[in-house]
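Please examine the sequence and the three-dimensional structure shown here. The report that follows describes the chain as a whole and then turns to particular side chains.

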Amino acid sequence: MPNLHRGEIEAILDGQPMTLCLTLGALAELEAAFGDEDMLALANRFTSGRLAARDAIRIIAAGLRGAGRDVADAAVSRMQTENGAAGFVDIVARLLAATFGTGLRCRSRSGGRHGQGRGRPGTRPFPWDDVMATGLGVLRLAPAVFWAMTPRELASAIRGAAGLMTNAQPIDRPALETLMRRYPDTTPSQD
């Protein structure tokens, strides 16, 4: 079961439910693969309908790797979804929306719309230097832990460290046990 608070989604690929998650490491991988200056340029490509099949494959593969699967882009290109190419577009839309916490309105090359909400043209590039300085320097996260985090997790850690939590209440034992049952610790091979 995907952890929606972390930004995970579940998708059916090759008839199997799979968890996808864009971690900070996966996002950096995508920026390098696409050659764009930042993730917002990628989002603008997506919302403008300029997302090619290979782009969707790269995003889905990065999401699978971010969730712990050892999968190459070539293997993802051979996977099937229930709705063909539209299924891949839907997975990408849901994954980007889960990652950034907003709905995205995207257009496939055929002009059909998927997702909801709006992209954010004109916003600033992702501040990698500041994020790394905060995560590695201020929060003192190990690099492996930092790169495995999602943007939502890092934002929550920063808010917690800064004392900016809203309605922060200590969790009681029954609530903790409920969360542990709902989101058990697993290794990628158990996924």
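## Burial and surface

Of the 191 residues in the protein chain, 36% are buried. The structure is a predicted model, and the values in this report are computed from it. The accessible surface of the chain comes to about 11100 Å². Carbon and sulfur atoms account for 53% of that surface.

## Secondary structure and contacts

The protein chain contains nine helices and four strands. Read from the N terminus, the order of the elements is β-β-α-α-α-α-α-β-β-α-α-α-α.

Contacts can also be described by separation along the sequence. Among those in the chain between residues at least 6 apart in sequence, 57% join residues at least 24 apart.

## A network around Arg6

Side chains of opposite charge can pair when their charged atoms come close. In this model, the count of salt bridges comes to six. Which residues are linked in a network of salt bridges? They are Arg6, Glu8 and Glu153.

Arg6 lies in the segment before strand 1 (9–13), whereas Glu153 lies in helix 8 (residues 151–161), so the pair ties together parts that are 147 residues apart in sequence. Glu153 has a relative accessible area of 26% and is therefore partly exposed.

## A salt bridge within one helix

The side chains of Arg94 and Asp90 form another salt bridge, at 3.0 Å from N to O. Why are Arg94 and Asp90 separated by about one helical turn? The reason is that they are four residues apart in helix 5, which covers residues 84–100.

Arg94 is partly exposed, with a relative accessibility of 31%. Asp90 is also partly exposed, and its relative accessible area is 33%.

Conventions: Residues are numbered from 1 along each chain as its sequence is written. This is a predicted model: local features need pLDDT of at least 70, side-chain atom pairs count only at pLDDT 80 or more; totals for chains, interfaces and linings use all residues. Side-chain values use heavy atoms; hydrogens and water are left out. Helices (H or I, at least four residues) and strands (E, at least two) are DSSP runs, numbered from the N terminus. Buried means under 20% relative accessible area, exposed over 50%, partly exposed in between (1.4 Å probe, protein chains only). Contact means heavy atoms within 4.5 Å. Accessible areas come from the Shrake-Rupley method with a 1.4 Å probe; for residues, only the protein chains shown count as cover. A salt bridge is a side-chain nitrogen of Lys or Arg within 4 Å of a carboxyl oxygen of Asp or Glu.
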